Amino acid sequence: MTQDLDPRLLSMLVCPVTKEALIYDRDAQELISKSAGLAYPVRDGIPIMLPEEARALSS
């Protein structure tokens, strides 16, 4: 079952690398930073905003 993030929380979160806005991919349960090329996981509704936990996006 996929969980939604609170829209207020999502509006406050930024990429820790670029400080730019993130895009929430509900199906993949990830927060996407296009500028950094990273996808941060969301586990049990909690965003894991650590660059070392992020997945590199394929080009």
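Analyst: E53 is partly exposed, at a relative accessible area of 35%. Buried means under 20% relative accessible area, exposed over 50%, and partly exposed in between (1.4 Å probe, protein chains only). This is a predicted model: local features need pLDDT of at least 70, side-chain atom pairs count only at pLDDT 80 or more, and totals for chains, interfaces and linings use all residues. Residues are numbered from 1 along each chain as its sequence is written, and side-chain values use heavy atoms, with hydrogens and water left out.

User: Which side chain does E53 meet in a salt bridge?

Analyst: R43, at 3.0 Å from N to O. A salt bridge is a side-chain nitrogen of Lys or Arg within 4 Å of a carboxyl oxygen of Asp or Glu. E53 is in the loop between strand 4 (46-47) and strand 5 (55-56), and R43 is in strand 3 (residues 38-43), so the pair ties together parts 10 residues apart in sequence. Helices (H or I, at least four residues) and strands (E, at least two) are DSSP runs, numbered from the N terminus.

User: Is R43 buried, exposed or partly exposed?

Analyst: Partly exposed: R43 has 41% relative accessibility.

User: New topic. How many salt bridges are there in the whole structure?

Analyst: A search finds 4. One of them joins D4 and R26, with the closest N and O atoms 2.4 Å apart.

User: Where do D4 and R26 lie?

Analyst: D4 is in the segment before helix 1 (7-12). R26 is in the loop between strand 1 (23-25) and strand 2 (30-33). D4 is exposed at 54%, while R26 is partly exposed at 37%.
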